Amino acid sequence: MKRIINILVAVLFTVGSIVAQNKEIKNVILLIPDGTSLSVVSAARWYQRYNHPEMTKLHIDPYLCGTILTYSSNAPIGDSAPTTSCYVTGYPSRAASIAMYPPVDSLNDIIPMDPEKAYQPMMTVLEAARITQNKATGLVFTCEFPHATPADCSAHTYDRNRYDWIAPQMVHNKLDVVIGGGVSLLSANDRQFLQDEGYGVFLNDIAGYENYKGDRMWALFGETAMEHDIDRNPEKEPSLAEMTQTAIEKLSKNENGFFLMVEGSQVDWAAHANDAVTMITEMLAFDKACGVALDFAKANGETVVVVVPDHGNSGFSIGSNKCPGYFHLTKDELFGAVSKFKTSANKLVDILRNTEPADLQGVFDQLTGIALSDSDYTQILQCNDYKLSTLSAEERKKDSFLAKTVNGILDKNTCFGFTTNGHTGEEVFLAIYDPTPNRLTGHHTNIELNRYLRQTMGLKDSLESLTSTYFAKHTDVFANYAYTISINDKIPVLKITNKKNTLEIQPNTNIVKRNGKDIELNTVVVYVDKNNTFYLPRSLRDLLTDNK
């Protein structure tokens, strides 16, 4: 009898495993805390525990499962553009490159690169999910929308700073939900296009954003980036967790599922500034967004959640040899001072810039808990950009500025360490919730993480084949046809004519003209001035031979 029971248990376990492995994953939520080293996660956990002793865990803690080695095509240390680009395309790329194949750097390339593919736009998992699976797609972030990480998912260029190329590509890439910063970067034409396409568009309009019942929306806050979470006015800007909740509610109405990327954009910026409290509070705001995604995934049963930074930043450490005996410091001595900081360093500088000298010490103490020493006070007065200083312009130091001075004062009143103001090359943490037994664990590369995303999403077409189909060179698509490339108001225009039809094609949009009439494509057209090439769908050739 016991043997029969054991056999039944084994059979049931096997059946359960098969069901779990074959379980369809409809939704993937990729959460990226930009520039977040593991030490920042530790500091955030301690800070939270210090201020709320009952909260000893982060939302991501139960799902930490490995590490990811992230790198550029020709360097171990990457910026956000090539690193997230690799997550979503499967190929490492060069610094500043947005979902675009890099040129060869034969002496330094970490893996062999194909010179024939240089500057080739590469299909992303977000685009593939929409095109081949009819999934809804969304982006949530706190930076400006054409910034590197959101752009990596939905645009293509070799220069992350070309917002004039990136912004219209994102607008025309049929994203269902976009929530983040960048009001001033959405042109009037792009706003009109979105509204004509049926989107709800809300610019610094939190009431409109919160009350909108439609499923497709662009909601932007802040002229460029949104405020740091520690500085955020909840009556003007939603939190990252609230934006994530909104995106999931709208995207999950699609019966085919969705792909959502959520970025904790400003951990990275705070790390660049060596601003410890802002790094920590940005990470905690991001962790709350992870909590929203994880709660949905666990209730939904068909959702995978992946949490992974794109790279490290600043060489941050809990403890520094500027504090003698730092390794014996108590939690109060390590986290008491930083817990009194009420603003980001940037906001503090803005406030001090407009504070009269007589009030500097009081304002500084109120916002940081730090009593300015006479030396600190003098250093602020000597700052070249402190226009209210009692010192004359000649008495101030030309190479002394408020931001660096204030950061220095904050830094010396904590026992945290920084080695740099830039990115660092250590591997980053990986956390995954996967309702199947297929969860990625252990140490992997950025390329392997892309493979996991593709397999999880069940993408049947390879990203390479989709790239070939939707981002073919115009010289291949229109071989044997006469065409011209002219410049119209600084915009390149490709024109192809045969006896029946004329096509006019501009870059950074999904609209082409056939005999003067607009035709909507499923992807954007990309132009690369480096090789004077348009990259576009192969199906455009059919428009020349179509008699309709």
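# A tour of cavities, helices and rings

Select α9 (240-251) and α11 first: each supplies at least two residues of the lining of the largest cavity. Helices (H or I, at least four residues) and strands (E, at least two) are DSSP runs, numbered from the N terminus. The model is predicted, so local features need pLDDT of at least 70 and side-chain atom pairs count only at pLDDT 80 or more, while totals for chains, interfaces and linings use all residues. Residues are numbered from 1 along each chain as its sequence is written, and side-chain values use heavy atoms, with hydrogens and water left out.

**Stop 1: the largest cavity**

On a 1 Å grid over the protein atoms alone, a cavity is a set of points where a 1.4 Å probe fits but cannot get out; a pocket is an open set with protein on both sides within 12 Å along at least five of seven lines; lining residues have an atom within 4 Å of a point. A volume is the space filled by probe spheres set on the points, which are joined across faces, edges and corners.

The structure holds 4 cavities of 30 Å³ or more. The largest cavity has a volume of about 100 Å³. To find its centre, select Thr-142, Glu-227, Asp-229, Leu-240 and Glu-282, which lie nearest to it among the 15 lining residues. By class, this lining has 5 nonpolar, 5 polar and 5 charged residues. Here Ala, Val, Leu, Ile, Met, Phe, Trp, Tyr, Cys and Pro count as nonpolar, Asp, Glu, Lys and Arg as charged, and the others, Gly among them, as polar.

**Stop 2: helix α11**

Now select residues 276-300, which are helix α11. This helix has 25 residues and reaches 36 Å from its first C-alpha to its last, close to the 36 Å expected at 1.5 Å a residue; the expected span is 1.5 Å times one less than the number of residues. Is α11 largely enclosed or largely open? Because 20 of its 25 residues are buried, α11 is largely enclosed by the rest of the structure. Buried means under 20% relative accessible area, exposed over 50%, and partly exposed in between (1.4 Å probe, protein chains only). Gly-301 follows α11, and the phi of Gly-301 is positive, near 80 degrees.

**Stop 3: the second largest cavity**

Select helix α16 (residues 402-412), which gives 3 residues to the lining of the second largest cavity, the most of any element. About 60 Å³ of space lies in this cavity. Its lining includes Asn-274, Asp-275, Ala-276, Phe-341 and Asn-407. The lining residues divide into 5 nonpolar, 3 polar and 2 charged.

**Stop 4: the largest pocket and α6**

Next, select Asp-164, Pro-168, Ile-491, Pro-507 and Asn-508, which lie nearest the centre of the largest pocket; 21 residues line it. The elements that give two or more residues to this lining are α6 (163-171), α7 (188-196) and β17 (491-497). Which of them gives the most? That is α6, with 5 residues. The pocket contains about 660 Å³ of space, and its lining has 10 nonpolar, 6 polar and 5 charged residues.

Keep α6 selected: 7 of its 9 residues are buried, including Trp-165, Ile-166 and Met-170. What covers the buried residues of α6 includes β3 (136-144), α5 (148-154), α7, β6 (217-220) and β21 (526-528).

**Stop 5: aromatic rings**

Rings of Phe, Tyr and Trp (its six-membered ring) pair if their centres lie within 6.5 Å; planes under 30 degrees apart count as stacked, over 60 as edge-to-face and the rest as tilted. A search of the whole structure finds 14 aromatic pairs. Select Tyr-63 and Tyr-433, an edge-to-face pair with 5.8 Å centre to centre and 85 degrees between the planes. This pair links distant parts of the chain, 370 residues apart: Tyr-63 is in the loop between α2 (38-51) and β2 (64-69), and Tyr-433 is in strand β13 (residues 428-433). Tyr-63 and Tyr-433 are both buried.

Then select Tyr-527 and Phe-534, a tilted pair at 4.8 Å centre to centre, with 50 degrees between the planes. Tyr-527 is buried, with a relative accessible area of 16%, and Phe-534 is buried at 0%. For a cluster linked by ring pairs, select Trp-46, Phe-316, Phe-335, Phe-416 and Phe-418.

**Stop 6: Ile-519**

Finally, select Ile-519 in strand β20 (residues 517-520). Ile-519 is partly exposed, with a relative accessible area of 25%. Leaving aside its neighbours within four places in sequence, Ile-519 is in contact (heavy atoms within 4.5 Å) with Asn-510, Ile-511, Val-512, Arg-514 and Leu-543.
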